[in-house]
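Biologist: I'd like to learn how to read packing features off a model. Can we take them one at a time?

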Amino acid sequence: MKTNKLFKLAMLMLVVSMMLVGCSKGKDNSKTTETGTAKTEEKAKDTVEIKDIHGTVEVPVNPKNVVALDNRTFETLSDWDIKLAAAPKGVMPEDSSYVKDESVKDIGDHKEPNLEVLASVNPELIIVGQRFASYYEEIKKLVPNAVVIDLSFDVSGEKGSAGENLINGLKNSTTDLGKIFDKEKEAEKLVADFDKKIEDAKKAYNGTDKIMSVVVSGGEIGFSAPTSGRVWGPMYEVFEWKTALEVDGSTSDHQGDDISVEAIAESNPDWIFVLDRDAAVSSEEEAVPAKDVIDKSPALKNTTAITKGQILYAPNDTYTNESIQTYIELFENIAKSLSK
């Protein structure tokens with residue numbers, strides 16, 4: 001009898017012991033699961049999905065050794081104090097903080113870039129766009145360990161509305177950069193300011209004045225056509241401007257189309273909007289100020305735009321700095337000028 005009691009007691013202790021071990025293992029498994037979830041969540045916060053023109057790309061948040069090649073991003077990155085490892089100083093405004101910083105390696109310009117510089121800085125992220133878009137595949141092969149995003153968008157009018165592509169492209173790029181560099185509030189403010197200036201410029205236009213847009217380069221006046229023309233083209237769609245002149249076969253040439261000044265004068269524009277290319281790419285000694293070219297043109301002197309002083313100039317660095325900040329400034333100037 002006593003032996004039977006001892007046996008039962010021993011069995012009971014064995015069962016309790018096994019239950020305790022089971023509970024202990026259950027707790028350990030729970031901890032492992034919780035830790036695994038935490039790691040997954042942490043990993044998710046370390047990257048962000050960005051959709052560029054090639055598809056969806058997983059991009060590190062606050063990446064190290066960043067290379068930027070897109071003229072539409074330089075001022076935004078600079079304003080946010082984002083350090084760059086390399087940049088194409090040959091197509092950047094001279095007063096850019098990156099141009100002055102000797103620690104930022106120079107890739108040159110898009111015509112003859114030194115892409116080997118990319119490999120030398122071991123980048124975690126390379127931002128491609130616009131002038132450097134044609135090098136996208138070459139860059140990916142050259143620096144296979146880097147994440148490469150292409151923020152290009154088409155404003156030629158050949159792929160959808162040039163105006164919509166310009167507005168959405170600038171807003172989306174700014175939002176994406178905000179996600180990548182943990183500057184989402186700053187990006188939201190820029191986009192809000194941008195939208196406000198667009199509305200102001202729309203309200204300022206009377207709907208009837210004829211607009212002529214031109215590019216001045218090397219002392220020559222080129223025609224910046226509605227829709228396709230450099231910088232100004234997409235704005236005809238955005239603001240529903242009436243064009244003073246339409247030309248078949250117009251292009252997005254960086255110096256404007258070769259149209260005679262006499263033809264421009266005959267269209268008698270109410271306003272002339274000017275992009276001074278030399279102000280952005282030439283030294284002070286070489287540049288011929290666009291204002292001098294326009295004011296001293298005999299053919300234009302009797303046009304409504306000249307006689308009424310209705311000439312508007314884009315910011316001097318616009319040709320090499322097509323950032324959302326540049327367009328905010330430009331749209332603000334348009335609103336102020338047209339509302340006078």
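Predicted model: local features only at pLDDT ≥ 70, side-chain atom pairs only at ≥ 80, totals over all residues.

Biologist: Okay, then which residues is D209 in contact with, leaving aside its neighbours within four places in sequence?

Modeller: K242, D270 and W271. D209 itself is found in the loop between α7 and β8 (210-217).

Biologist: And how far apart are D209 and T243, in sequence and in space?

Modeller: They are 34 residues apart along the chain, and their C-alpha atoms are 8.4 Å apart.

Biologist: Now the rings. What describes a pair of aromatic rings?

Modeller: Two values do it: the distance of the centres and the angle of the planes. Searching the whole structure gives nine aromatic pairs. Take Y236 and W241, an edge-to-face pair with 5.3 Å centre to centre and 80° between the planes.

Biologist: Are Y236 and W241 buried or exposed?

Modeller: Y236 is buried, and W241 is too. Another aromatic pair is W271 with F273, which is tilted, at 6.2 Å centre to centre and 55° between the planes. W271 and F273 are both buried as well.

Biologist: Which residues do the ring pairs link into a cluster?

Modeller: F194, W232, Y236, F239, W241, W271, F273, Y327 and F331. There's a charge over a ring to look at, too: R131 lies over the face of Y319, 5.0 Å from the ring centre.

Biologist: On to helices. What describes two packed helices?

Modeller: The angle between their axes, plus the distance between the axes. Helix α7 (residues 184-204) and helix α13 (residues 324-338) pack at about 25°, with axes 8 Å apart. Angles under 35 degrees count as roughly parallel, so α7 and α13 are roughly parallel to each other. Their crossing is left-handed.

Biologist: Which residues meet there, in α7 and α13?

Modeller: On the α7 side they include L190, F194 and I198. On the α13 side they include Y327, F331 and L338. F194, Y327 and F331 are also among the members of the ring cluster.

Biologist: At what angle do α6 and α13 cross?

Modeller: Roughly 135°, and the axes of helix α6 (residues 162-180) and α13 come within 10 Å. That makes α6 and α13 oblique to each other. L166, I167, L170 and T174 of α6 make the contact with I324, Y327 and F331 of α13.

Conventions:
Residues numbered from 1 in each chain as written. Heavy atoms only, no water. Phe/Tyr/Trp six-rings, centres within 6.5 Å; stacked < 30°, edge-to-face > 60°. Buried < 20%, exposed > 50% of the residue type's maximum accessible area, 1.4 Å probe, protein only. Lys NZ or Arg CZ within 6 Å of the ring centre and 35° of its normal. Axes fitted to C-alpha atoms, helices over the stretch in contact; angles between N-to-C directions. Helix = DSSP H or I, 4+ residues; strand = E, 2+ residues; numbered from the N terminus. Parallel < 35°, antiparallel > 145°, perpendicular 65-115°, else oblique. Left-handed = near helix turned anticlockwise from the far one by under 90°. Contact = heavy atoms within 4.5 Å.
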